[in-house]
Amino acid sequence: MKVKVISLILTSSLLLTGCGGLFDKESKRIEALKEEKKQDEHKDSKEKEEQEKIYKDMERPVGEVVYENELDTLKEVEDLDYKNLEEYTDPSEFSKFVADTLYKFYTVQLSPENYYEFLFKYGNESVKESLPTKEDAVTVFSSLQDLYLKQNINGESYTLTNVTFNRLKNEGSFYRKVLTTNGEEYFISIIQKENGVWKYADDSPSPPYEIQDNAS
């Protein structure tokens with residue numbers, strides 16, 4: 001009987017020792033899982049903070065972001081008169097023609113049909129390739145002008161800057177400041193030289209520019 005008791009005690013002791021090892025391993029495994037979860041939560045929290053910062057930056061007023069960068073200083077053109085030509089080899093003359101055409105379309109003084117003709121005749125190869133059929137283009141341009149009308153954009157006047165060129169002198173850009181019922185709005189236009197003739201390439205909203213004294 002005594003032997004059985006001793007045997008039972010030894011067996012129980014071994015079992016407890018084995019269980020203790022298992023408990024040890026399980027405890028370590030649980031701790032490791034906890035640490036991993038903690039790191040994941042920290043990582044998620046950091047990513048969330050970064051995302052919130054990005055969203056916050058995106059919500060900043062456009063003007064505030066614009067003025068962080070140095071604005072272009074340009075001269076404004078005093079004489080906006082231009083000649084109607086089949087082709088333009090003078091970039092300054094062409095810039096006046098382009099600016100006037102875009103201004104008239106934007107302020108609904110130029111028909112969608114005439115705007116299509118302008119793009120087809122005076123646009124560069126990329127512009128021409130992007131044009132749909134005349135019928136589809138006129139439908140799109142009409143919708144754009146309907147949107148301008150709904151926004152109550154009535155053009156009062158515009159000013160134009162001189163053309164600045166890239167290093168190769170085959171691409172130029174110029175700004176126009178449009179005074180409308182919504183206040184001052186700025187645009188930048190790109191023109192490119194193809195086979196010795198200047199062509200319209202692009203126009204988009206832009207930040208303002210600094211005015212350089214024409215006397216300087």
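Visitor: Which element gives the most to the lining of the largest pocket?
Guide: Please note that this is a predicted model. Strand E6, residues 197-205, gives the most to that lining, with six residues.

Visitor: Which other elements supply at least two residues there?
Guide: Helix H3 (91-106), H4 and H6 each supply at least two residues of the lining, as E6 does.

Visitor: How many residues line the largest pocket, and which lie nearest its centre?
Guide: The lining has 17 residues, and those nearest the centre are Leu102, Tyr115, Tyr148, Tyr200 and Asp203.

Visitor: Let us turn to the second largest pocket. What is its volume?
Guide: The second largest pocket has a volume of about 190 Å³.

Visitor: Which element gives the most to that lining?
Guide: Helix H4 does, with five residues. H3 and H4 each supply at least two residues to this lining.

Visitor: Which residues line it, and how do they divide?
Guide: The lining includes Tyr82, Phe97, Asp100, Thr101 and Lys104, together with Gln109, Leu110, Asn114, Glu117, Phe118, Lys121 and Tyr122. Five of the lining residues are nonpolar, three are polar and four are charged.

Visitor: Now the helices. At what angle do H3 and H4 cross?
Guide: H3 and H4 cross at roughly 150°, and their axes come within 11 Å. Because an angle over 145 degrees counts as roughly antiparallel, H3 is roughly antiparallel to H4. The crossing of these two helices is left-handed.

Visitor: Which residues make that contact?
Guide: H3 contributes Phe94, Phe97, Val98, Thr101, Leu102 and Phe105, while H4 contributes Tyr115, Phe118 and Tyr122. The residues of this contact divide into eight nonpolar, one polar and no charged.

Visitor: And how far apart are the axes of H4 and H6?
Guide: Helix H4 (residues 112-122) and helix H6 (residues 134-150) have their axes 9 Å apart and pack at an angle of about 120°. That angle makes H4 oblique to H6.

Visitor: Is that crossing left-handed or right-handed?
Guide: H4 passes H6 in a right-handed crossing.

Visitor: Which residues of H4 and H6 make the contact?
Guide: On the H4 side they are Pro112, Glu113, Tyr115, Tyr116, Glu117 and Leu119. On the H6 side they are Lys134, Ala137, Val138, Phe141, Ser142 and Gln145.

Visitor: How do those residues divide?
Guide: The contact of H4 with H6 has seven nonpolar, two polar and three charged residues.

Key. Residues numbered from 1 in each chain as written. Predicted model: local features only at pLDDT ≥ 70, side-chain atom pairs only at ≥ 80, totals over all residues. Heavy atoms only, no water. Axes fitted to C-alpha atoms, helices over the stretch in contact; angles between N-to-C directions. Helix = DSSP H or I, 4+ residues; strand = E, 2+ residues; numbered from the N terminus. Parallel < 35°, antiparallel > 145°, perpendicular 65-115°, else oblique. Left-handed = near helix turned anticlockwise from the far one by under 90°. Contact = heavy atoms within 4.5 Å. Nonpolar A, V, L, I, M, F, W, Y, C, P; charged D, E, K, R; others polar. 1 Å grid on protein atoms, 1.4 Å probe; cavity = no way out; pocket = protein on both sides within 12 Å on 5 of 7 lines; lining within 4 Å. Points joined across faces, edges and corners; volume = space filled by probe spheres on them.
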